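Please read this short report alongside the sequence and the model. It covers a pair of helices, the domains and the surface around the RNA.

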Amino acid sequence: MDDASDKPVSRNFIQQIIDADLAAGKNGGRVHTRFPPEPNGYLHIGHAKSICLNYGLAKEYGGKFNLRFDDTNPAKEEQEYVDSIVDDVRWLGADWEGRMFFASDYFDQLHAWAIQLIKAGKAYVCDLNAEEMRTYRGTLSEPGKDSPYRNRSVEENLDLFTRMTAGEFSDGARTLRAKIDMASPNINLRDPVMYRIKRAHHHRTGDKWCIYPSYDYTHGQSDSIEGITHSICTLEFENHRPLYDWCCRELGIHHPQQIEFARLNLSYAVMSKRKLLQLVQEKHVDGWDDPRMLTIRGMRRRGYRAEAVRAFCERIGVAKFNSTIEMAWLEDAVREDLNICAPRAMAVLRPVLVTLTNWPAGKTEVFDVPNHPQNPELGTRKVPLSGKLFIEADDFMEEAPKQFFRLKPGGEVRLRAAGIIKCDEVVKDAAGAVTELHCTFDPDHSRKVKGTIHWVDAATALDAPVRLYDHLFAVENPDDAPEGKTFLDNLNPSSLETITAKLEQSLATAAPGDRFQFERLGYFYTDPVDSRPGAPVFNRTVTLRDTWAKEKGR
RNA sequence: UGGGGAUUGGUGUAACGGUAGCACUACGGAUUCUGAUUCCGUCAGUUAAGGUUCGAAUCCUUAAUCCCCAGCCA
């Protein structure tokens, strides 16, 4: 992509469309995209795909990218959501260069255009209520019937629309409708609603309006006003494109091209705003930023970096096929990113005490340990050892299979960066559970030993809460629930486990937002909300690949 | 049901009438003071059936399956 190789770079279907438009001289060679969220919820990874797509295209073609809020329904929209969206889009790294707009910025213009359409005989005020309108609309297989109000005169429509605007009628009493075709096989064209009466306080326009334009009547014109060239949206709007085109055409304004792509689906996750909201409201998760949520805020708090999310969005591609990406892809992208930048440290999640029987009493040795095996620039840190230490319970097996090359009775294993220990004695409690291991320590580093394990010095260990996260859902497709069950029945009961871990001393100064690889375990994020100075709390971002666990599973 | 889309290895995604490629997974191996990382290799695919063509994932026909639309939501 960046070198002079003559290998053809593969282009997705949207890039191909833009290439063709540019070749044909469309839009004077401009490329201008936008991300148009409705401020009625928090952004999730599906939105990240759209943001990366739109922003990426603008950047690639030297064009522009706008952030525009589609705020035409005051009943659902709130400033809180606007703020969070702005913050999340910025975090992701998309730069709108000051072009942040609101559909509500265009309400006056939209209203003027509505009058223009009424005058042109293309719109009329309809007195049908919601239920009647549904009846008149027909069904998928039967055409609709014309509204009895369809042929009102321009003067009457103008008068009625003016009075609608002035607040003379009650909510839902009348609508302004586009006069298109009640017999159209595309239901969206059966005289769709342009304006509805709705007395609701708007987060930006306050109580100025009691009528609000519909999405269909707003979106294309908003794009048009902003000079958008390629209006990229998801597949479910494909059926709306004729209406999008109708608005721009009838108004005779700049006509952006709507292009639809398949929204993102991920295994072990749900993506619909409604379901995410339900998870939060019914407290199946701990808020929008619960690290198990695939909201941008959740991923942030989990410890994902924007780089990883972007790399993921790049990798999954763009197409019109409704696909489901494996969760492992996301996790891989996160590992790949963190592997490069996360300093290493040692922590023991499920400790077993080890006493070094030949350790000189009172002695403490301090090792200088590299923070990254492949990147010396990350420096070193001091790690003490003083005769008693913790190792991971999983790293000891009393009756170990041959392939197990960690610690076993009579066996040897390397203590990372310190030396080699040999297990001489296993101490058990009355119930037969292992409580302590007696080992001898050999400081000789040069010998080859098959296994290397992590450890934490007992004398200086720091106890800290660590949250171990797993998929929020136990099954690949949470929506696939049996009769009478819902996606909630597919929640993974062990998606969160909080433990108290033993951490190496250096971690006491971890700052909120710091990321580490706890060697052989995974990547961990210093929780920015719950951590206190000297008392960090860690969230497991993602585990390391574990081929041993896989082996065991066989 | 009328209409609109879609279908390429396990998962994604290219190939636009001329050798089905790439990535991830899986599997095997090498390196390794993280069973991590890194490196090498292997398996594996055009929804089906016809047709056009010297040649079809690509064009035509028929069929199958999946998704979207009957909000005064977006």
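Angles under 35 degrees count as roughly parallel, over 145 as roughly antiparallel, 65 to 115 as roughly perpendicular, and the rest as oblique. Helices (H or I, at least four residues) and strands (E, at least two) are DSSP runs numbered from the N terminus. This is a predicted model, in which local features need pLDDT of at least 70, side-chain atom pairs count only at pLDDT 80 or more, and totals for chains, interfaces and linings use all residues. Residues are numbered from 1 along each chain as its sequence is written, chains are lettered from A and ligands numbered from 1 in the order in which they are written, and side-chain values use heavy atoms, leaving out hydrogens and water.

Helix 2 (residues 45-60) and helix 11 (residues 306-316) have axes that come within 9 Å and cross at roughly 75°; axes are lines fitted to C-alpha atoms, for helices over the stretch in contact, with angles from 0 to 180 degrees between N-to-C directions. Helix 2 and helix 11 are therefore roughly perpendicular to each other.

In chain A, the domain assignment, automatic or from a database, gives domain 1 (22-261) and domain 2 (353-457). Their C-alpha centres lie 64 Å apart.

Around RNA strand B there are 67 residues, of which Arg344, Arg406, His445, Gln517 and Arg545 come nearest; a residue is near if one of its heavy atoms lies within 4 Å. The table gives polar contacts, pairs of N or O atoms within 3.5 Å.

| Protein side | RNA strand B side | Distance |
|---|---|---|
| Glu238, side-chain N or O atom | sugar or linking oxygen | 3.3 Å |
| Gln403, polar backbone atom | base nitrogen | 2.9 Å |
| Arg414, side-chain N or O atom | sugar or linking oxygen | 3.2 Å |

Helix 5 gives the largest share of the surface near RNA strand B, 4 residues.

Note on methods:
A polar contact is a pair of N or O atoms within 3.5 Å; within protein, one must be able to donate a hydrogen and the other to accept it, and residues adjacent in sequence count only if both atoms are side-chain atoms.
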